[in-house]
Amino acid sequence: MSTADAPKKPRETDDVPVPATLRKSLKNRHIQLIALGGAIGTGLFYGSSESIALAGPSILLAYLVGGLAIFAIVRALSEMSVEDPKAGAFSYYATRYWSKRAGFISGWNYWFNYILVSMVELSVVGSFVNYWFPAIPTWVSAAVFLVIICAANLLGVSKFGEFEFWFAIIKIVAVIAMIIGGLAVIIFVLPTASGVRASFANWFTVGNGFFPNGLMGQNSDGSWTGLLMALVVVMFSFGGTELIGITAGETEDPKTTIPRATNDIIWRILVFYIGALGVIMAVVPWNTIDGKSSPFVQIFDSVGIHAAAGILNFVCLTAVMSVYNSGLYANSRMLYSLAKQGNAPAYLGKLNSRGVPVAGVLTSAAITAIAVVVVFVWPEFAFNYLMSIATIAGIINWTMIMFTEMKFRKVVAAGGAPEDSELAGKSGKEALDAIHFKLPFAKVTPWVVLAFLALVVVLMCFSTSYRIAVIAGVIWLAILFAAYQITQAKR
């Protein structure tokens with residue numbers, strides 16, 4: 001038989017039946033926009049008003065410091081992802097290079113984190129829909145979007161990538177339009193709604209200057225404020241950037257794509273957080289940003305676009321859908337990875353002909369739906385505490401990534417690198433030097449990041465809602481440890 005007559009191997013796409021396995025269908029453009037979309041969400045569009053109120057213009061330093069920490073965390077994760085690209089990255093790496101217990105805790109903690117985030121995001125989607133259609137019950141909106149996103153995830157990983165690509169494009173266009181509009185007001189000295197001349201000098205001349213509340217201080221009502229307290233809100237805003245690691249197992253060329261997307265995170269933070277908020281506080285006096293409306297609405301109003309509220313409402317609706325889309329994807333892959341490790345029921349490790357862990361998608365969607373009902377019944381509890389609990393779950397996850405990276409290097413140095421990696425057969429300094437995408441200053445960076453995360457946890461104890469989250473985090477870790485011991489005892 002000639003080569004031309006030989007049966008051709010089917011391509012790994014979502015539409016061609018091949019043996020049940022995860023498909024490497026995510027392209028470079030998908031990964032780039034997934035990474036960018038993970039850093040831009042409602043935390044920027046609405047949550048930034050809370051952080052500005054806490055720190056004033058010095059919030060720019062908080063985003064810079066927090067951004068550097070997140071960059072180091074994602075670099076640590078990407079170091080492992082490039083050498084050993086697997087679905088459910090955090091849990092797999094913790095199991096492979098640390099211990100089965102660490103993999104169990106890491107995987108279930110990340111799953112729990114995104115369940116919390118997803119349920120709150122779905123519960124607010126109705127408020128955005130009601131802006132245009134006030135007669136539609138909020139629970140109907142939540143149900144419709146849950147079904148739509150669930151269906152999109154069941155179609156295959158490339159469809160998930162397309163959804164995230166276009167969701168991210170919408171958010172990017174909104175932020176860039178705001179920055180350009182704000183710069184136009186500053187450069188051409190256009191009149192503003194506040195009557196204060198737009199200028200970057202406003203960072204230092206409005207409301208007690210650049211550090212209006214200092215590093216940390218106490219208000220008359222007993223609440224704490226200042227640059228350090230703003231770090232807590234800032235770190236929540238960066239949740240989701242680690243999604244790059246989850247996608248590595250389904251990426252066409254992880255050795256090229258993952259490093260590029262990871263390195264781009266730092267300038268994205270500079271442009272889309274520091275750049276955007278810097279322009280906002282140059283045009284709109286920071287002490288007039290009170291959280292009643294988004295700072296993005298205020299700057300569009302200053303430019304003369306009075307449909308700003310409607311525009312931002314649409315952007316935030318897509319941002320919420322993006323968060324749930326990413327959350328459902330990440331959770332289904334995490335359950336798949338946990339099942340393959342023996343840390344979750346075996347049915348969660350099965351794939352359909354499109355390479356989708358259907359059971360993981362449907363199980364996560366069902367539990368999120370139940371949780372959303374709880375949010376509708378007790379909305380005050382949800383919005384006061386659930387997001388702060390999600391923050392502590394995120395910090396637990398980031399902490400485990402840094403410890404796992406150090407364990408990974410020890411295993412590589414001992415000659416235990418993955419067999420299909422270029423590091424296979426090497427040990428000691430030779431193996432460490434051969435790591436394709438190294439964490440900068442790897443002997444020091446993990447400890448600096450861990451110290452920073454510990455500081456954030458301490459700062460959370462000074463806030464009423466976040467203090468409860470810290471307590472909940474300790475209880476949650478105890479539950480995970482107990483659950484692991486029970487599952488092992490049963491085996």
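Arg409 and Glu79 form a salt bridge, with 3.0 Å between the closest N and O atoms (a side-chain nitrogen of Lys or Arg within 4 Å of a carboxyl oxygen of Asp or Glu). The pair ties together distant parts of the chain, 330 residues apart: Arg409 sits in helix H16 (residues 379-413) and Glu79 in helix H4 (residues 59-83). Helices here are DSSP runs (H or I, at least four residues), numbered from the N terminus. This is a predicted model, where local features need pLDDT of at least 70, side-chain atom pairs count only at pLDDT 80 or more, and totals for chains, interfaces and linings use all residues. Residues are numbered from 1 along each chain as its sequence is written, and side-chain values use heavy atoms, leaving out hydrogens and water.

Arg409 also pairs with Glu405, at 2.9 Å between the closest N and O atoms; both lie in helix H16, 4 residues apart, about one turn. Glu405 is buried at 0% relative accessible area (buried is under 20%, exposed over 50%, partly exposed in between; 1.4 Å probe, protein chains only). Arg409, at 15%, counts as buried too, and so does Glu79.

The structure holds 3 salt bridges. Another one joins Lys429 to Asp433 at 2.7 Å. Lys429 is exposed at 63% relative accessibility, while Asp433 is partly exposed at 42%. By contrast, shared partners join Glu79, Glu405 and Arg409 into one network.

Conventions:
Helix = DSSP H or I, 4+ residues; strand = E, 2+ residues; numbered from the N terminus.
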